[in-house]
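Student: I have just opened this model and would like a guided tour. Please start wherever you like, and spell out your cut-offs as we go.

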Amino acid sequence: MSLKIVKKLIPVSKYAVKSYKVMKPTRIVVHNTANDASALNEISYMTSNNLKVSFHYAVDDLQAVQGIPENRTAWHAGDNLGKGNMGGIAIEICYSKSGGNKFTKSEKNAVLLIVDILKRYKWNITKVTKHQDYSGKNCPHRTLELGWDRFLKMIKTAMKPPVVTPPIIPTPPVVPQPPLPPVLGPLQPATNDCSEESDKVEQLTIELNNRDLALKAKILNIENLNKQLRVYERWAFIVDILNRIFPVKE
Ligand SMILES: [Zn+2]
């Protein structure tokens with residue numbers, strides 16, 4: 001889902017009538033046009049007349065059209081030099097007079113525009129206000145009628161990053177391990193102690209026991225390495241999948 005934003009900025013010569021001064025925006029002010037015209041027509045009309053009425057964006061079912069830069073004030077909130085007019089980015093949602101499908105789509109597009117603005121200014125949902133907050137006017141009339149909380153909910157939902165279902169990672173098949181050699185108990189030295197042979201046997205027994213222990217240690221070591229390898233393979237598999245889902249931008 002993306003929204004086409006067309007710029008049809010008012011000429012600087014119109015600033016005296018339409019845009020009082022430069023501003024650092026502090027909020028979004030939502031309106032309904034109470035009309036059945038397209039966004040392009042709303043902006044053209046706003047630009048062509050000499051009424052002290054202006055707004056930054058008009059949004060319809062197809063696109064958003066911008067008439068005033070976001071860093072300049074507009075006359076829309078009915079609060080004269082108050083926070084609405086002097087700090088608000090005004091968004092007019094089109095086709096609110098008759099409502100219906102075109103209005104539904106316009107509202108959805110307004111949500112996309114609002115999300116774009118919130119993200120650019122690193123604002124949260126509390127920055128989304130309505131005309132009514134500043135002058136008590138029943139505006140945005142149809143959005144209010146359908147439910148303001150519903151509209152805020154649409155924005156909150158659109159703000160959330162898309163939920164990525166974690167891929168099902170197949171467990172690597174368990175490779176059957178060859179049976180371990182039978183563990184030999186320590187060899188007992190011969191009890192015969194009256195000959196040289198006996199010493200040799202004892203010496204050999206000790207050597208054999210030592211070799212047995214070394215062999216056991218080696219087997220354990222190989223098993224550990226195998227385990228580590230399997231963990232590493234699984235991890236590499238996950239990293240590969242993550243890379244495909246979230247490719248690293250060059
Ligand atoms: Zn309004």
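Student: Where is the place of Ile169?

Tutor: Happy to start there: this is a predicted model, in which local features need pLDDT of at least 70, side-chain atom pairs count only at pLDDT 80 or more, and totals for chains, interfaces and linings use all residues. Residues are numbered from 1 along each chain as its sequence is written. Helices (H or I, at least four residues) and strands (E, at least two) are DSSP runs, numbered from the N terminus. On that basis, Ile169 belongs to the loop between helix H7 (148-159) and H8.

Student: Leaving out residues up to four places away in sequence, which residues does Ile169 touch?

Tutor: Being 35 residues apart along the chain, Ile169 and Tyr134 have C-alpha atoms separated by 54 Å. Contact is another matter, and needs C-beta atoms, placed from the backbone, to lie within 7 Å. By that test, Ile169 touches Phe237 and Ile238.

Student: What separation lies between the centres of domain 1 and domain 2?

Tutor: The bounds come from an automatic or database domain assignment. It gives domain 1 as 5-159 and domain 2 as 166-250. Taken over C-alpha atoms, their centres are separated by 70 Å.

Student: In what order do the 6 strands of the open sheet run?

Tutor: Strands pair here if DSSP finds at least two bridges between them. The pairing is mixed, and the edge strands, S1 (5-7) and S6 (128-130), each pair on one side only. The order is S1-S4-S3-S5-S2-S6.

Student: What is the bridge partner of His31 in S5?

Tutor: S2 and S5 run parallel to each other over 6 bridges, and one of the pairs is Asn32 with Ile93. S3 is also parallel to S5, joined by 3 bridges, where Ala58 is paired with Glu92. For His31, the partner in S5 is Glu92.

Student: Which residues point the other way from Gly88, Ala90 and Glu92 in S5?

Tutor: S5 is mostly covered, with 6 of its 6 residues buried. Both faces share in that: Gly88, Ala90 and Glu92 point one way, and the buried residues pointing the other way are Ile89, Ile91 and Ile93.

Student: What angle does the direction of H4 make with that of S5?

Tutor: Axes are lines fitted to C-alpha atoms, for helices over the stretch in contact, and angles run from 0 to 180 degrees between N-to-C directions. H4 packs on the sheet, where it touches S2, S3, S4, S5 and S6. Its buried residues include Phe103, Ala110, Leu113 and Ile114, and of these, Ala110, Leu113 and Ile114 are in contact with Ile91. The angle with S5 is about 160°.

Student: Near what value is the phi of Lys122?

Tutor: Most residues other than glycine have a negative phi. Lys122 sits in the loop between H4 and S6, and it counts as exposed because it has 7 C-beta neighbours inside 10 Å. Its phi is positive, near 55°.

Student: Near what value is the omega of the peptide bond from Cys139 to Pro140?

Tutor: Most peptide bonds are trans. Pro140 lies in the loop between helix H5 (132-135) and helix H6 (141-146). The bond leading from Cys139 to Pro140 is cis, with omega near 5°.

Conventions
Two residues are in contact if their C-beta atoms, placed from the backbone, lie within 7 Å. A residue is buried if 20 or more other C-beta atoms lie within 10 Å of its own, exposed if 12 or fewer, and partly exposed in between; C-beta atoms are placed from the backbone.
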